[in-house]
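Subject: Structure handover

Hello,

Here is the structure I promised to pass on. Please open it first, then read the notes below it.

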Amino acid sequence: MSVSKFTINFLRRNSVLSAGASGSNVFCDRGFGSAQPILKKIPEKKPDWNKAVAEAEKIVGYTTSFMSLRWLLSDEVANVAMHMRKLVGSNHPLLKAAKGLVFNGKNNMQAWGLIVLLISKALGYTSSVKASDEDKVAGFLHTQRALAEVTEMIRTSHLIHKGLMNMQNNSTEDISGDMIFGNKIALLSGDYLLSNSCMELANLQNQELVELMSSAVRDLSESEFLGPRDLQNNPLPSPPRSQSSLYRFNFAEDPLDPVKIGDALGNAEAEWTLRNILESGSLLGKSCQGALKLAGHSAKIQKQAYRFGRHLALSWQACLDCQPFSPGATGSFSLVSAPVLYTLQDNHDLYREIEIGSKNVNEVDFERLRQNVLAGPGVQMTKNLQQEHSDIAFEFLEKLPDSEARTALINIMTALI
Amino acid sequence: MACAGPIRLYTRLCRLNNSGQITKKISSCASSTFSIENSSYIFSKKNFKSSSSANIVNRTCPFSNIPDFALISKNFGTMGPQQTGSKPNDDIHPYKLLEDDLKNVYVYIREVLRKNTYQDDLYEIATYYFDGHGKAIRPMVAILMARAINYHIYKEHNILPSQREVGMISEMIHTASLIHDDVIDQSDFRRGKPSVNVMWNQKKVTMAGDFILAVASMLIARLKNNDVTLVLSKVVSDLVQGEFMQLGSKETENERFAHYLTKTYRKTASLIANSLKSVTILAGGDEELCDLSYQYGKNMGLAFQLIDDLLDFVSSSAAMGKPTAADLKLGLATAPVLFACEQFPELNPMIMRRFQESGDVEKAFELVHKSEGLEQTQFLAKQHCQEAARLARLLSESPYQKGLIVTTDLFLNRIK
């Protein structure tokens, strides 16, 4: 189907829907859970990732991948871009971060805004909210779109702040002006995105949402403090504990409370879960929850959407963690990825290999570590872990009535498996 | 603009400050030059009168040498207190007045941060500057205004818990921005101790700043007031934009002073002005009252920063708790330099190259002391304080309202 045909069909269907008394409310509290379970987990043919995302973007009518780039078109940032050019040629990590933002793919989380919009569309809005004509055509609220942008901005801001260089540690070396300048730019650009998300959120005039999303920013900032770190603050696994495999991570009851660390560090699965809830699950979960809050859905459904987002993010991360261990993969990988943590738990002696990188993770022999991981149970366990989390996310989708948005979400998720 | 640039006006103003005629002329001319954020600047106000007690510092330092920090500091200290109010309010001291209100500010902030993380090193970095040694200027002014406004509207001496929270929030936002400033400026020393930048790695410090801002935002949301959230979000946005303005400036000589004032508004005055506006919104004040408290805060914020920029030239490192002439070293041209530049045009190229060539900082420092830049800066600060005091006098008389007036003197006469 061509793009235009697709869009026209889609718009037509939606305007018909919105002509009805309840707007495009395809989903209300009463109906939740009563929708027929029509979903079988894996469609016959596994959808391609890029295709799944491209199709999904048509459904929401928005190229979400470039959402955060829209903010780069303002005066302040134009100024920054000019400064940033000075950094080309230096090896400031900010450049890597910037590259990661522009080159879209499975490897980054650019599709998060898209997920927020799809979930918004899949559930519709209740009659308690006022929807403009444009909202009715789009099938989701403009406030939800603003929230999707906020999600992207918060995420991007965090990635940029992570791209700072730590400098006083190598004070014996001459710190180049480029590095200092790069840090300035990284810090300010991240702050800029953060302050913009503050403004956007304030404009939505929903204080519960402001609190929820602020707590997601808090969680992200906490993520950079967990466990041992090298001099550039890259994470290293905590020393594996003996008899740890039975410990399960405790998900917090109230997402507004900070995440408890408990005995998670040193317990492969719990540590991985803790890290990734802070780093990604919290933001995606809270964004999904917030989107439904804006649409006037009940607290119960909001909570389920939070869970959906959280586990989708975890499933996603598990999938990314497996990639460096696919056939023919080379190069470095995260030392706190699930396959490595599982392997360490299985073989405590391997921690010696990790300790080599305690000052600088790049000193770890990644090829040797990869061979060790591949020889152990880590990759398979990670795949199980991914399945576990995607099952939880699917559980939510199964209860939704059939819609294009839901199909798009299912396609994106199956493309991951 | 047809008339001379603003700096030249100030220079003339300082020299001819007994001539009401010139003042008037300037006032009409300057009103368009100094418009910040669409609100009329203090010089357009009808009560703009140049003080007859000309506040020219009796300088005794040798002109040709770089003066000793301590000596200058002493001279400034013995200049005699400046009064912006019409009558002295000797019996009122804001910090004493608010002793009960202020004693737990830092304790409360530390508690809130503690409740929001189980990670000890994050908590440690985030609370590093909440050690109780800060001046707590922002909470002080916010609480003072809250109480003065409450009395003005309801004739009651109470304060709402939400208003008290705004005071804490303003200190948290301020500290979050301080922490990020430390990373940006690579500063080593602040408030008499090593800066966070020295103590921990930049990434963690940056994240700790984000953390404080996030927790502050959560507190703001819990006030459940849409307008207050909007007003305080604007502050965050102003802070970042002010920082961007500081990063690089390509403006011409004429634009430079306006650029400096806008930057000062965004980096310092916006937070104070909008916190005060917030406590007034929470009190249920009408638009006029909200604007009054906002304008009071804006004038105080500008005066505060002007004095800060002045002290960077005259105070001793020991008194400030951070190195002096720090702004020059960072390449920043603040009010004293911009004023001095009128008298010594050789400062122009140095400003343009951000004092990067060797000897620039020392030379600029010396020229500023040779010029009338410091007096002019103080004079400008005084104008703002007088305007703030005038606004405070429009409120019903109460100890807190008097406190607001006394605070204008405190801001003007502070030595650290």
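**What was found**

D365(A) sits in the loop that lies between helix 14 (351-355) and helix 15 (366-375) of chain A. This is a predicted model. D365(A) is partly exposed, because its relative accessible area is 32%, and the class runs between 20% and 50%. Its C-alpha atom is 8.7 Å from that of I354(A). Along the chain, D365(A) and I354(A) are 11 residues apart.

**Chain A as a whole**

Chain A has 17 helices and 0 strands. It has 417 residues, and 57% of them count as buried. Take the contacts in chain A with a separation of 6 or more: residues 24 or more positions apart account for 78% of them.

**Chain B as a whole**

Chain B has 21 helices and 2 strands. It has 416 residues, of which 63% count as buried. For contacts in chain B with a separation of 6 or more, 76% come from residues 24 or more positions apart. Chain B exposes about 15800 Å². Here carbon and sulfur atoms supply 51%.

Start with A136(B). It is in the loop between helix 7 (120-126) and helix 8 of chain B. Is A136(B) buried or exposed? A136(B) counts as buried, because its relative accessibility is 9% and the cut-off is under 20%.

Next comes P139(B), which is in helix 8 of chain B. P139(B) has 0% relative accessibility, so it counts as buried. What does P139(B) touch, leaving out residues up to four places away in sequence? The list is L102(B), V105(B), G167(B), S170(B) and E171(B). G167(B) is worth a look in the viewer. The C-alpha atoms of P139(B) and G167(B) are separated by 3.9 Å. In sequence, P139(B) and G167(B) are 28 residues apart.

Then look at K155(B). This residue lies in the loop between helix 8 and helix 9 (161-185) of chain B. K155(B) is not a glycine, yet its phi is positive, at about 55 degrees. K155(B) is partly exposed, because its relative accessible area is 47%.

**Helix 8 against helix 14 in chain B**

Two packed helices are described by the angle between their axes and the distance between the axes. Helix 8 (residues 137-154) of chain B and helix 14 (residues 287-314) of chain B have axes that come within 12 Å. The axes cross at roughly 155 degrees. That angle makes the two helices roughly antiparallel, because the class takes angles over 145 degrees. The crossing of helix 8 and helix 14 of chain B is right-handed.

Which residues make the contact? From helix 8 of chain B they are I137(B), R138(B), V141(B), M145(B), I149(B), H152(B) and I153(B). From helix 14 of chain B they are L289(B), S293(B), Y296(B) and F304(B). By class, the contact of helix 8 with helix 14 of chain B has 8 nonpolar, 2 polar and 1 charged residues. An α-helix has 3.6 residues a turn, so residues three or four places apart point the same way.

**Helix 20 against helix 21 in chain B**

Helix 20 (residues 373-393) of chain B packs with helix 21 (residues 399-413) of chain B at an angle of about 180 degrees. Their axes are 9 Å apart. That makes helix 20 of chain B roughly antiparallel to helix 21 of chain B.

Helix 20 of chain B brings Q378(B), A381(B), K382(B), C385(B), A388(B), A389(B), A392(B) and R393(B) to the contact. Helix 21 of chain B brings Q401(B), L404(B), I405(B), T408(B), F411(B) and L412(B). The contact of helix 20 with helix 21 of chain B has 9 nonpolar, 3 polar and 2 charged residues.

**Helix 17 of chain B**

How many of the 9 residues of helix 17 (residues 335-343) of chain B are buried? The count is 7, and the helix is mostly covered. The buried residues are A335(B), P336(B), V337(B), L338(B), F339(B), A340(B) and C341(B).

Best regards

Technical notes: Residues are numbered from 1 along each chain as its sequence is written. Chains are lettered from A and ligands numbered from 1 in the order in which they are written. This is a predicted model: local features need pLDDT of at least 70, side-chain atom pairs count only at pLDDT 80 or more; totals for chains, interfaces and linings use all residues. Side-chain values use heavy atoms; hydrogens and water are left out. Buried means under 20% relative accessible area, exposed over 50%, partly exposed in between (1.4 Å probe, protein chains only). Helices (H or I, at least four residues) and strands (E, at least two) are DSSP runs, numbered from the N terminus. Axes are lines fitted to C-alpha atoms, for helices over the stretch in contact, and angles run from 0 to 180 degrees between N-to-C directions. Angles under 35 degrees count as roughly parallel, over 145 as roughly antiparallel, 65 to 115 as roughly perpendicular and the rest as oblique. A crossing is left-handed if the near helix is turned anticlockwise from the far one by less than a right angle, and right-handed if clockwise. Contact means heavy atoms within 4.5 Å. Ala, Val, Leu, Ile, Met, Phe, Trp, Tyr, Cys and Pro count as nonpolar, Asp, Glu, Lys and Arg as charged, and the others, Gly among them, as polar. Accessible areas come from the Shrake-Rupley method with a 1.4 Å probe; for residues, only the protein chains shown count as cover.
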